[in-house]
Amino acid sequence: MRRRPFLDQRRPSFKRRWQQRPWWVRLALSLLLALACVLLLAVLLGSPDPGASPSTSAASSGSETTSSPLLRQRTYLEGITDALNMTDEMLSARSFSRQLMDQIYLAKTYVVVAKEANNLQFVAELSAQVLRAQSILAHAAAHGGTVMEQEAEKAIRDMSVLLFQAQQLRYDSGITIMKLKGQIQSLEEKSKAEAEKSTKYGQIAAEELPKGLYCLGVRLTMEWFKSPELQRKFSDRSPAVQSNLRDNSLYHFCVFSDNILAVSVVVNSTAINSRHPDKVVFHLVTDDLNYAPMKAWFAMNDYRGVTVEIQKVEDFTWLNASYVPVLKQLQNAATQKFYFSGSGNRGTPIKFRNPKYLSMLNHLRFYIPEIYPELQKVVFLDDDIVVQKDLSELFTISLNGNVMGAVETCMETFHRFHKYLNHSHPLIRAHFDPDACGWAFGMNVLDLVEWRNKNVTGIYHYWQERNADHTLWKLGSLPPGLLAFYGLVEALDPQWHVLGLGYTTVDAATIKEGAVLHYNGNMKPWLKIGMEKYKSFWDNYVDYSHPLIQQCFMC
């Protein structure tokens, strides 16, 4: 087959196109281009400086051929001079005021260094010279003149002698920096030691039982055992009251505590702010020591018809070491020594060695479906809260198939998972997002039907057993709660649960709108270390007119 000739489809070059134009067109274009260049050059060479006066422009016209404004550029030093508004005297090499100011700055530095070296005599002499130089500058400024040679010469010479002496004393910048670094390190160590002391003493104060609470418990115990009438109020309950304990159409709350006064505030504040207190049922669990005084208090006081059930944890015989991982770990001698004697790992903060974290009352929240097998929905409350609004709406909130409704705390970075859990552990790293939102115990809506279906207690047991060596987390009920309820929490409106009244400052408007105020932290409202500005919210629900309260707290 014969090959077709190649067709050159490229555009002709500029040279070819220029040569193809008529000669008179090329001539006209060349003349126009030359004229434009001449005009542009005339404009550039003849334009005056915008900042110059007419006389200056005229005077400089003769030298435009040698120095063009277009070619002249401002230097870096000129920019600094304009920016700092420097005067001619400050820029002068013979300025006495500038010399005095430079010496003052340097002398002040040497005064600090000499103080550190404890050379007090030199400090006094150098400070005197600084004051002398400052007075000379002040006098010149007050009279609107410059510093004269006769008054500045001796001051500059005397200061120079002292500055030379400072150099001979080895007061150089390197030594000064090293000394300052040492001082900063020392201050940091002291600050750390003081912070540890503050934490330790605050923890001790939080753990100690106040004298008033101890007195109240003793007096209530005495009242219980000497008054058969009080005992009959709990032993001879009507069938209607017994039925209320299992009626799922009522509002069921549970509190696990050994603090009688704190529990009374929870019940009282809930009852006062409830639109239907007769539909409120409180399920209280305490320990054997506080069982009798707790029953005595609620037998003596009626809270607007609220039904109250009181049990003791010792009666739950199924909570034993063979079933509960926490109780099994407590049988280990090393664990007991570490958490109760405080002589274990010194790297563990004292707050993690608080025995309350191993109290069964603290971990009872993970067994609520087994404690109340006939209930379908409950609201769990801590004993350090105050209720300000009606909580009946909590029982109508849909959890969308989740087990728990809780207020998330991830608006603060230190309340995310990585702050509670050891994410360097492969087991935690493989199953949990370190930036997942944390949430708070203290006011939690619990769907016990979903809890049983999803076996949350079994999940809790799994993680507790994996943490026998305390490598997944230290202590407390929140870390295992985060793991057990992971992916099973429905976020509630933050107004339902306002946190922080026991350790930080909370916005007044947030407190006013809050349904439940939580004194989480060491500064509980019943302790002397409690935050005074928040105690009134709690005191409003303490019956200080009660004879036993007056005997134990008002004397």
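These legends walk through close-up views of one predicted model.

The model is predicted, with local features needing pLDDT of at least 70, side-chain atom pairs counted only at pLDDT 80 or more, and totals for chains, interfaces and linings using all residues. Residues are numbered from 1 along each chain as its sequence is written, and side-chain values use heavy atoms, leaving out hydrogens and water.

View 1. Of the 555 residues, 40% are buried, meaning under 20% relative accessible area with a 1.4 Å probe, protein chains only.

**View 2. An open sheet of seven strands.** Follow the order β3-β2-β1-β4-β7-β6-β8, where the pairing is mixed; strands pair if DSSP finds at least two bridges between them. β3 (307-312) and β8 (489-491) each have a single partner strand, so one side of each lacks a neighbour in the sheet. Neighbouring strands are turned by 25 degrees against each other on average, direction ignored.

**View 3. Strands β6 and β8 side by side.** β6 (residues 404-406) and β8 run parallel, joined by three bridges. Look for M404, whose bridge partner in β8 is V489.

**View 4. Helices α13 and α14 with the sheet.** Helix α13 (residues 260-272) packs on the sheet and touches β1 (251-256), β2 (280-286) and β4 (377-381), where contact means heavy atoms within 4.5 Å. The direction of α13 makes about 175 degrees with that of β2; such angles run from 0 to 180 degrees between N-to-C directions, with axes fitted to C-alpha atoms, for helices over the stretch in contact. Helix α14 (residues 288-300) lies across β2 and β3, at about 165 degrees to β3.

Technical notes:
Buried < 20%, exposed > 50% of the residue type's maximum accessible area, 1.4 Å probe, protein only. Helix = DSSP H or I, 4+ residues; strand = E, 2+ residues; numbered from the N terminus.
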